[in-house]
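Hi everyone, thanks for coming. Please take a look at the structure on the screen, and then I'll walk you through it.

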Amino acid sequence: MNIYDQYIEDLIPFAEDAIYEGDYHLAHKLLMSGLTDEPGYPKLHYTMGWMYHYYQVNEALAERHYQLAIYFDASYVEAYENLADLYWAKRKYQSLTQLMLKAEKCEEIDKDYVYSVLGKIAETQCEYRKAIGYYRKALMSSVDNHTTKELKQDIKRTRIKKFKNNWKWQRQS
């Protein structure tokens with residue numbers, strides 16, 4: 001790491017401290033000074049997106065900075081996860097699906113996370129067969145007992161929904 005990168009890495013904790021203290025103007029000023037010097041630094045964009053997402057509630061700017069963090073570093077796991085949370089909260093399922101398909105190619109991100117999110121999107125859109133398929137893929141990728149238990153519950157819940165949906169459809173015929 002060169003001196004210039006160290007300068008930017010040292011700047012970020014100062015900005016985070018300002019965010020925690022509620023001094024968003026100072027945090028914005030610090031982050032923008034870093035972005036002025038290095039506009040392609042993914043951690044600066046991520047921190048800016050995080051500030052807008054959780055503290056200043058400006059989803060459009062948060063989304064843009066998360067996207068820029070991913071653009072400049074396609075393996076930035078936290079940016080994927082926070083952008084996924086933002087899309088899920090705003091019910092932007094198409095954008096979330098595209099993001100997760102991109103995240104699937106990222107080596108650093110947990111595949112069980114990616115497939116479970118894709119499963120939840122499919123389940124929300126009443127595509128139960130597809131959801132079960134994604135949940136099974138997530139189950140095969142999981143190495144955590146807690147996550148495995150949750151995925152099994154997701155599969156069970158989705159099967160029940162699928163059965164009820166088929167039952168309702170048959171009764172209407």
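Let's start on the outside: the face of α6 turned away from its buried side carries Q94 and Q98, which are exposed, meaning over 50% relative accessible area, while buried means under 20% and partly exposed lies in between (1.4 Å probe, protein chains only). This is a predicted model, where local features need pLDDT of at least 70, side-chain atom pairs count only at pLDDT 80 or more, and totals for chains, interfaces and linings use all residues. Residues are numbered from 1 along each chain as its sequence is written, and side-chain values use heavy atoms, leaving out hydrogens and water.

Now, which residues of α6 are buried? In this helix, residues 93–103, they are Y93, L96, L99, M100 and A103. Seen down the axis of α6, these buried residues fall within an arc of 120°, so they line one face of the helix; the arc is that of the directions from the helix axis to the C-beta atoms. An α-helix has 3.6 residues a turn, so residues three or four places apart point the same way.

What do the buried residues of α6 pack against? They pack against α4 (59–72), α5 (77–89) and α7 (111–124), with contact meaning heavy atoms within 4.5 Å.

Let's step back to the whole chain. There are 9 helices and 0 strands; these are DSSP runs (helices H or I, at least four residues; strands E, at least two), numbered from the N terminus. Of the 173 residues, 40% count as buried. Along its principal axes, the C-alpha trace spans about 65 × 30 × 25 Å.
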